[in-house]
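Dear colleague,

I am passing on the structure we spoke about, with the sequence alongside. My notes on what was found in it follow below.

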Amino acid sequence: MGRMARATANGIELEYETFGDPQAPALLLIGGLGTQMITWDEEFCELLASRGFHVIRFDNRDAGLSTWPEDSYELEEMAADAVSLLDALGLPAAHVVGASMGGFIAQLVALNHPERVLTLTSIISGPSGADQVPPTPEANAVLLARAPETREERVALCLHAKKILLGPADPFDETYERAKIERAIDRAYHPAGFMRQLQAIAGATSRLARLSSVRVPTLVIHGDADILLPVENGRRVAAAIPVARLLEIHGMGHDIPKRVWPEVADAVAALSRAHSAC
């Protein structure tokens with residue numbers, strides 16, 4: 001189990017947790033829309049740590065136990081949060097890994113703060129703005145569902161969303177998913193933060209042209225059955241970055257399911273070796 005703590009970063013408080021050897025190269029995990037750091041499963045974090053990383057996961061602003069601001073913000077500010085967290089931890093740079101909205105943020109860290117990024121991994125993410133391929137109507141309905149009133153209704157809605165967004169190669173494990181969802185809801189339920197993050201995503205402009213300036217080793221991972229951020233989004237990001245490798249995973253939806261954890265961990269570790277060889 002990791003070590004939980006709080007850091008003052010970019011004028012707010014960020015809850016974070018670390019795994020592995022503090023002397024190992026840092027790997028920063030950035031989560032997606034409305035998710036908390038516990039969405040990055042402990043087992044997956046330990047798996048990454050076993051590949052030789054000091055793994056850091058954290059609650060984005062407006063999620064989990066980090067600060068819930070009342071005003072709107074942009075994805076660039078969330079990228080600045082991540083960099084400021086590295087400052088607070090005394091880390092000059094890190095391997096940066098982001099999933100979904102976290103991939104948007106990770107790309108912005110690489111673009112706006114290139115000296116702080118050793119490698120970039122963008123998972124089930126995209127380029128934003130006019131170059132973003134939109135979700136299917138079914139996925140969009142999940143994204144825009146109204147926040148329920150009761151705990152059980154919240155759990156049911158989250159279970160429905162998870163089931164819809166899973167890929168066909170990953171059977172729905174209700175017991176496992178329910179336990180994760182209940183833990184997250186009981187830890188911090190914050191639909192207003194979800195909406196502010198969604199507004200930040202909606203207000204983002206395309207990064208596609210700018211991504212050609214990324215020079216660090218880059219890995220783009222996407223499931224070919226993703227209906228929320230269809231796989232063409234990942235393909236566009238990978239094509240835009242001269243040094244990127246695209247890893248498409250058959251049957252994977254908008255999720256990082258258990259069956260792919262070893263493959264993803266190995267790919268991120270191989271990417272770090274590419275950086276070391278530079």
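**Two loop residues with positive phi**

Ser 100 lies in the loop that runs between β5 (94-99) and α3, and, in what should be kept in mind is a predicted model, its phi is near 60°, a positive value in a residue other than glycine. Ser 100 is buried, since its relative accessible area is 12%, which falls under the 20% cut-off. Asn 10, placed in the loop between β1 (3-9) and β2 (12-19), likewise has a positive phi, near 55°, although it is not a glycine; with a relative accessible area of 37%, however, Asn 10 is partly exposed.

**Nonpolar cores**

The largest nonpolar core has 51 residues, of which Leu 28 and Leu 75 touch the most other members, and its largest share, 8 residues, is supplied by helix α3 (residues 101-112). Beyond its neighbours within four places in sequence, Leu 75 is in contact with Met 101, Phe 104, Ile 105, Leu 108, Ala 200, Ile 201, Ala 204 and Arg 207.

**Packing of α5 and α6**

Helix α5 (residues 151-165) packs with helix α6 (residues 174-187) at an angle of about 130°, their axes being 10 Å apart, and the two are therefore oblique to each other, with a right-handed crossing. Among the residues that make the contact are Arg 151, Val 155 and Leu 159 of α5 and Glu 174, Ile 181 and Ile 185 of α6; the contact residues divide into 5 nonpolar, no polar and 9 charged.

With best regards

Notes. Residues numbered from 1 in each chain as written. Predicted model: local features only at pLDDT ≥ 70, side-chain atom pairs only at ≥ 80, totals over all residues. Heavy atoms only, no water. Axes fitted to C-alpha atoms, helices over the stretch in contact; angles between N-to-C directions. Helix = DSSP H or I, 4+ residues; strand = E, 2+ residues; numbered from the N terminus. Parallel < 35°, antiparallel > 145°, perpendicular 65-115°, else oblique. Left-handed = near helix turned anticlockwise from the far one by under 90°. Contact = heavy atoms within 4.5 Å. Nonpolar A, V, L, I, M, F, W, Y, C, P; charged D, E, K, R; others polar. Core = buried A, V, L, I, M, F, W, Y, C linked by side-chain atoms within 4.5 Å. Buried < 20%, exposed > 50% of the residue type's maximum accessible area, 1.4 Å probe, protein only.
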